[in-house]
Amino acid sequence: SLFASDPYHMLLEVPFRSFLGMFVSIYLLTYAIFAVIYWQACGPCDMGCSTYWDALFLSVETMMTIGYGVPDPTFESCTWIVFVIGSQCMLGILYDATLLGM
């Protein structure tokens with residue numbers, strides 16, 4: 001019950017292998033979820049990815065770096081995708097800060 005009420009100390013007490021496995025799983029799941037969104041948006045938004053693997057690469061590239069090229073960097077036909085990209089970037093920063101802060 002003490003660990004359930006204090007997630008920070010619970011994560012500090014978890015064995016390193018479990019901690020690392022948990023963070024890798026969270027990163028991979030996030031990549032996969034955003035890849036599905038990008039894959040669905042590839043056609044109408046002209047993002048330059050035709051397969052799920054292209055969308056997965058775009059997802060990893062978006063979360064790990066912010067500098068990448070797409071055919072239409074302003075997303076004129078899909079302004080909503082800018083919010084999706086921004087959300088993934090912010091989520092990546094949160095994950096990195098949490099992992100480095102532990």
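**Exercise 1.** Find which residues Gln-88 touches, leaving out those up to four places away in sequence, and decide whether Gln-88 is buried or exposed.

*Solution.* Start with the neighbours: in this predicted model, Gln-88 touches Tyr-31, Phe-34, Tyr-38, Ser-59, Thr-62 and Met-63. Now check the accessibility: buried means under 20% relative accessible area, and Gln-88 comes out at 0%, so it counts as buried.

**Exercise 2.** Work out how α3 and α5 are oriented relative to each other, and what kinds of residues make up their contact.

*Solution.* Two packed helices are described by the angle between their axes and the distance between the axes. For α3 (residues 16-45) and α5, the angle is about 170° and the axes lie 11 Å apart. Angles over 145 degrees count as roughly antiparallel, so that's the label for α3 and α5. On the α3 side, the contact includes Tyr-31, Phe-34 and Tyr-38, while Gln-88 is among the α5 residues they meet. Sort the contact residues by type and you get 17 nonpolar, 5 polar and 1 charged.

**Exercise 3.** Check whether the end-to-end distance of α3 agrees with its residue count, then see what its buried residues pack against.

*Solution.* Take the 30 residues at 1.5 Å a residue: α3 should span 44 Å, and its end C-alpha atoms are 41 Å apart, which agrees. Then look inward: the buried residues of α3 include Phe-19, Phe-23, Ala-35 and Cys-42. As a set, the buried residues pack against α2 (7-13), α4 (52-64) and α5.

How values were computed:
Residues numbered from 1 in each chain as written. Predicted model: local features only at pLDDT ≥ 70, side-chain atom pairs only at ≥ 80, totals over all residues. Heavy atoms only, no water. Buried < 20%, exposed > 50% of the residue type's maximum accessible area, 1.4 Å probe, protein only. Contact = heavy atoms within 4.5 Å. Axes fitted to C-alpha atoms, helices over the stretch in contact; angles between N-to-C directions. Helix = DSSP H or I, 4+ residues; strand = E, 2+ residues; numbered from the N terminus. Parallel < 35°, antiparallel > 145°, perpendicular 65-115°, else oblique. Nonpolar A, V, L, I, M, F, W, Y, C, P; charged D, E, K, R; others polar. Expected span 1.5 Å × (residues − 1).
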